[in-house]
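Reader: Please pick one part of this model and take me through it slowly. After that, show me what else is worth looking at.

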Amino acid sequence: MTDQIRTTDFKNLQGQTNKFPYLIDVDRAEGIYIWDKSGKKYIDMIAGVAVTNIGHRNPLVLDAIRQQLDKHLHVMVYGEYIQDSQLALAKNLASLLPENLHCSYIVNSGTEANEAALKLAKRYTGRHELISCKGSYHGNTHGSMSVSYNEVKKSPFRPLLPAVKFIEFNNIASLEIITKETAGVILETIQGDAGVRVPTKEFMIALRKKCTETGALLIFDEVQVGIGRTGSMFAFERFNVVPDVLTLGKALGGGMPIGAFISSTEIMECLTHDPMLGHITTFGGHPVICAAADACLTVLKTENWIHECETKGHILETMLKQNNEIVEIRRAGLLFAIELKSAERVQQIVERCLEKGLIGFWFLSCPDSFRLSPPLSITVDEIELAGNIILEALRETSTETN
Ligand code: PLP
């Protein structure tokens, strides 16, 4: 089968998300590298969009998957049977989280985790108003889309959830809209797809205070920024503010599909009655995926990668700052938004990097920046290699456009 036939089949037989897919024809992946079918090797500076934080095919994750395969696959819908890997993952998560976040419910994706968290807030408070933040992205199902901000992406799918309001990112005065009518406030602890926006500590503390005063549940969405990505296991640790509900996804699965919403046993308990089965899922907590996620957390606890995240991020940031075409670098740990003077320039750089064997990517709501989110397992040598490739791409294409 020729490459052309594979591309045509991909485009005709698989539902497409856009007109310009990357079309890397993947052969295999290991650590921070992906190889295509022609043997070309890419440095993966995206990690499947902040998923493979521990690198591709971590051996401990593979072992955990193999061991679980030898025991059982799906045996029952979530919440009925006691399954070793589910319980181990719940214990592992509880060991890493504050007391009020000891009860985890495993689902299938980030967006499902957010859907469930929004339902939990409504059910627990008996209120229906939801508040989110301008610039946010929380997923692509109807509820998550309702609390996401990008109107261009939302409007064709209206009507969405009613009673959703938005606070301004980092604007303490805007917190006034949170009242005793509010069921929950959902916020990306650090905004990812808005182009890496880190809120101030003051804003986060004021937000926590307002939610406590009004009885609204504070939900932190760490689907993208959790699991070590920004230099701590959970991004909220840097603000000294603890949410009532935490959602996770992406990197938690060590390369397998997962989501989780996590709260106190007391809050979570309300999903068991009035009505019972307040959130249900057939495949949530799948034993193989929980085994992978449990191993992934153990890897991150054992390796020093989270602690090295800031140093490595700083090295790459310093290198890239040598190029004065870069307008701004926004960074949290190993999550980068590199802003250039236009979206066209971003496209040129990302494409040139790809030619040179380095994978970068776009943001959903920040066209004049490109994204870097390499595996946390990347070494300093590899960071330097990647930095040099990006600098070369900037230099080469800049000569071409002049
Ligand atoms: N929340 C945030 C902050 C995300 O970045 C994403 C995905 O990019 C989601 C939720 C949705 O996760 P998923 O694509 O697994 O549904």
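Predicted model: local features only at pLDDT ≥ 70, side-chain atom pairs only at ≥ 80, totals over all residues.

Author: Let's start with Ala163, which sits in the loop between helix H7 and strand E6. H7 covers residues 151-154, and E6 covers 164-167.

Residues are counted from 1 along each chain as its sequence is written, and side-chain values use heavy atoms, with hydrogens and water left out.

The peptide bond joining Arg158 and Pro159 is cis, with omega at about 5°. Now look for another cis bond, the one from Asp274 to Pro275, where omega is near 0°. You'll find Pro275 in the loop between H9 and helix H10, which takes in residues 287-302.

Next up is a sheet. Four strands make an open sheet in the order E1-E2-E3-E13, and the pairing is mixed. (Strands pair if DSSP finds at least two bridges between them.) Which strands stand at the edges? They are E1 (26-30) and E13, and each has a single partner strand, so one side of each is left without a neighbour in the sheet.

Inside the sheet, E2 (residues 33-36) and E3 (residues 41-44) run antiparallel and are joined by three bridges. Tyr33, for example, has Ile43 in E3 as its bridge partner. Four residues lie between the strands of this hairpin, and in it Gly39 takes a positive phi near 95°. E3 also goes with E13 (residues 358-359), but here the two run parallel, with two bridges joining them. Find Asp44 and you'll see Ile359 of E13 standing opposite.

Last stop: the ligand. It has 13 residues around it, with Gly110, Thr111, Asp221, Gln224 and Lys250 the closest. (To be near, a residue needs a heavy atom within 4 Å.) Helix H5, residues 110-125, supplies three residues, the largest share of that shell.

Some contacts can be picked out atom by atom, using N or O pairs within 3.5 Å. In Gln224, a side-chain N or O atom lies 2.7 Å from a ligand oxygen atom. How much of the ligand does the protein cover? The protein covers 82% of the 390 Å² of accessible area that the ligand has on its own, an area taken with the Shrake-Rupley method and a 1.4 Å probe.

Terms used
Polar contact = N/O pair within 3.5 Å; in protein donor to acceptor, adjacent residues only side chain to side chain. Pairing = 2+ DSSP bridges.
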